[in-house]
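Please look over the structure below. A short briefing follows, grouped by topic.

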Protein chains: 2
Amino acid sequence: MFNLFSPRQRTLRGAAVAASLLALLSFAPLPSAAARPAPQPSEPTDEQIAAQLRDAALAGENLAWDWVSELTTRFGPRPAGGDNERQAADWAVERLKALGFSNVHLESFPLTAWVRGVESAQIVTPTSQPLVVAALGESPPTPPTGLEGDVVIFPTFADLKAAPANALTGKIAFVAAHMVRAQDGAGYGVAVEARSDGPAEAARRGAIAFVLRSVGTDSNRLPHTGTTAYVDGKVPVPAFALAAPDADQLERLAALGGKVRIRLYSSASTVHDAHSQNVIADIPGRVHPEEVVLLGAHLDSWDQGTGAIDDGAGTAIITAAAKLILDLPHHAPRRTVRVVLFGSEEVAQPVAPFGAFGGHSYADNHKADLARHVLAGESDFGTDRVYSLALPAAVVKSDFATTAMRVLGPIGVLPAEEPARHSGTDVGPTVEAGVPPFALRQDGSQYFDIHHTANDTLDKVDREQLDQNVAAWAALVWLAADGEVDFRGHP
Amino acid sequence: MFNLFSPRQRTLRGAAVAASLLALLSFAPLPSAAARPAPQPSEPTDEQIAAQLRDAALAGENLAWDWVSELTTRFGPRPAGGDNERQAADWAVERLKALGFSNVHLESFPLTAWVRGVESAQIVTPTSQPLVVAALGESPPTPPTGLEGDVVIFPTFADLKAAPANALTGKIAFVAAHMVRAQDGAGYGVAVEARSDGPAEAARRGAIAFVLRSVGTDSNRLPHTGTTAYVDGKVPVPAFALAAPDADQLERLAALGGKVRIRLYSSASTVHDAHSQNVIADIPGRVHPEEVVLLGAHLDSWDQGTGAIDDGAGTAIITAAAKLILDLPHHAPRRTVRVVLFGSEEVAQPVAPFGAFGGHSYADNHKADLARHVLAGESDFGTDRVYSLALPAAVVKSDFATTAMRVLGPIGVLPAEEPARHSGTDVGPTVEAGVPPFALRQDGSQYFDIHHTANDTLDKVDREQLDQNVAAWAALVWLAADGEVDFRGHP
């Protein structure tokens, strides 16, 4: 009952999924299985079922596109704690029930929400020119008449931190550093330090506002928002990201000589009695229902785009993978597969633990069960292809890893060089509580061209790569959930 | 004395231009010239000088990058009739004088200016979502409280025009047609019909506002502005372009079923006593100073970007080409080379002739001289490479064409299949008055990803392709200005 923008899938899904799954009943060994013990003709191995799930997903026989299309179309941006996030969660509950999942329910938690309001910026000296800015998440408003100051440019955040006390009295600090493009997204963490701690470091030196070049790798007039850090319950000064071309412009203008003065305005506000919610849905295990393989993604998004790649697509990937497993005829997995669509991944909070309130809420609510959560993974890195599988240290050299790589290798997945130590923000508190993580790592080369900008919309989702993600998730989750492997590596 | 963002050029220009131009004095025949009459050792042919100009430009030994960088950095957007356009014109006069041009002056003309103001849009039913819009140029404001209506979607403008009278009473008309990408930009004219005439056609059927999918080929949340047509001195209803992803969103939402209602706001206004100006600069001809080869581009820009590709780059290309000719030692051309940086190319006007007021002002002011304007060309199609040369019909099969293609062929320029009938909006009135046009046609495959959007900024300029443009212009203009060819083809 998904929306109908995918004629290819609409035509194929009903018939083709049934056909490919029925094919399992009249099973013939795959060529690659020839060297292994011959299975019973009517009982395919887990590896063979994983390969079938993979191939069905890869052929587009999965609901990921329809899910992300309908979610982002119906609800648009889904900022944490707002109406759209709540409506999306209610919709997800109805959809997951209709799809046949069990134990479908919401778990609510309180939240301080942040609301962007109106924002603007201009160069006022030496000439009048508009600038494109986005207030950073959690940033306080400017005074109602705006604020104006001379710009002091710091090539890097380290340069700002090296400035003496009072060096910025009455000024606006601008950190001009560029984020580095990298396949694994390694440039992001480095760049985000300035976004998080910049306002506090600037305020400490007397600045009236903090501006940074958008964290991101694009060249669009679409600034990248994201959280900045609370200090003693508030962000010390108004803080903005400047679109990359505008950051270039400020730097060039300053290099022409003379003072550059800018004006900033924001009417951002906070709502202290908001709430958010996690959505939970299970495929109950047929042998060990108390053992949970946890799949996470987040329903909330930043407010500028419609959260298609961050993280509508993640919710689509894990839901579609689980649905393929749910639909296996006579093959419910031994363990429970749990889908959690987390609320409030994006925003920071004024109180400890300062973020990941959806993740913390889940870990708190399910504390007693975490010891029997056998594995946890998160999809929150867009829709580009999975290129690497990281498994918990205990199983890196196991038969499980060998089997998983036999299934995933053919769709372009490499074994990670290091074991998985984390998998995402939402499952972070669960992983910190001792649940082993896995990571299906995606190519992030283009992710930060779009991430956290107004350009995060459905048209940026590549359907073929989305299908490859579902293929990887369905196959791996099936292997983990239908097996008996102890990912903690207890003797 | 240009700004210093181009270390490569800064290092090379002084020494290398001097060296390459001095090389003309100790001339040796080029290999390709071997079959033609041997020149005097100390007197290079026009073709050889054209090739030297071409090669110097191609090597980056030209001021185009510095010009477009400083123009767009100092003045940002330059909407017609505004302060930034005027300041840019004053700056250009000073720069052109400093570069050594003659007869440098401004020619002012009156104008109705259009000022964007603040604008916004939201989906209000079935869910609340922001939309990214840009008011179309000359569009009137909405009421101060905005306006709201159900959306009626027309797949094409023809569908709107086929709707009966009163079909849109109280509604908002939305034309969802996509612009077609084409190397020669042919998709633009087709798409622009809806932008020009849509508000009138919608109003005629009772609509309270007109919205169209951005004319353009991008997928950014950056709507494409541009003029819409006055009818009896005003645009009948507020009119907006919707960014491509937002247009997709409206269509998908409607396809989910149920009513889609949106809200629009704009505080656009007009200034009736504004003025704009053309900037004129000459290289006086050494033999026939009264014969003019006219090079045009426009200084004004739309207000969303900084007018780097439209048309800062054009002003840079023609100025840089002329400057290379100006700097030829002992080789001032026989005819005058005139650079005109036109004002007010972009906006429509409420009175006839409704547009191209800079172009009309020039043609009016110089009416008596146009009979001795021998050739006119305009650079107003971005910065991508020149791929085709169109010449006036009279010389298509002449020795001039053969020589020009020998010089331009090696840098990727093809002969056009048809003679040039026009060259650009600004020189349009001059060409209509009988001056033969030429066109150095540029690859427009990517032009409409950027054109008229906030993304029209300096970082979109490809320096190598910019240099190739200067190379083509310098070589061709030299051949036309130092020759005696009658491009009108009089016997």
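**A buried aspartate**

B:Asp246 sits in helix α7 (residues 244–255) of chain B. The model is predicted: local features need pLDDT of at least 70, side-chain atom pairs count only at pLDDT 80 or more, and totals for chains, interfaces and linings use all residues. Residues are numbered from 1 along each chain as its sequence is written, chains are lettered from A and ligands numbered from 1 in the order in which they are written, and side-chain values use heavy atoms, with hydrogens and water left out.

- B:Asp246 has a relative accessible area of 2%, so B:Asp246 is buried. Buried means under 20% relative accessible area, exposed means over 50%, and partly exposed lies in between (1.4 Å probe, protein chains only).
- Leaving out residues up to four places away in sequence, B:Asp246 touches B:Pro130, B:Leu131, B:Val132 and B:Arg221. Contact means heavy atoms within 4.5 Å.
- Helices (H or I, at least four residues) and strands (E, at least two) are DSSP runs, numbered from the N terminus.

**Strand β8 of chain B**

- Strand β8 (residues 239–242) of chain B is covered on both faces. B:Ala239 and B:Ala241 are buried on one side, and B:Phe240 and B:Leu242 are buried on the other.
- In a regular strand the side chains alternate between the two faces of the sheet.
- Strand β4 (residues 133–135) of chain B pairs with β8(B) in the antiparallel sense, over three bridges. Two strands pair if DSSP finds at least two bridges between them.
- B:Val133 faces B:Leu242 in β8(B) across this pairing.
- Strand β7 (residues 209–213) of chain B pairs with β8(B) in the parallel sense, over four bridges. Here B:Val211 stands opposite B:Phe240.

**The five-stranded sheet of chain A**

- Five strands form an open sheet in chain A, in the order β1-β10-β12-β11-β13, with mixed pairing.
- β1 (102–115) and β13 (373–378) of chain A are at the edges with a single partner strand each, so one side of each has no neighbour in the sheet.
- On average, neighbouring strands of this sheet are turned by 20° against each other, direction ignored.
- β10 (residues 269–283) and β12 (residues 335–342) of chain A run antiparallel and are joined by five bridges. A:Ile283 stands opposite A:Val337 in β12(A).
- Helix α4 (residues 83–99) of chain A lies across β1, β10 and β12 of chain A, at about 10° to β10(A). Axes are lines fitted to C-alpha atoms, for helices over the stretch in contact, and angles run from 0 to 180 degrees between N-to-C directions.
- Helix α9 (residues 357–365) of chain A lies across β1, β10, β11 (288–298), β12 and β13 of chain A, at about 135° to β1(A).

**Backbone exceptions**

- Most residues other than glycine have a negative phi, and most peptide bonds are trans.
- The bond from A:Thr125 to A:Pro126 is cis, with omega near 10°. A:Pro126 lies in the loop between β2 (119–125) and β3 (129–131) of chain A.
- A:Ala356 is not a glycine, yet has a positive phi of about 50°. A:Ala356 is in the loop between β12 and α9 of chain A, and is buried at 11% relative accessible area.

**Two copies**
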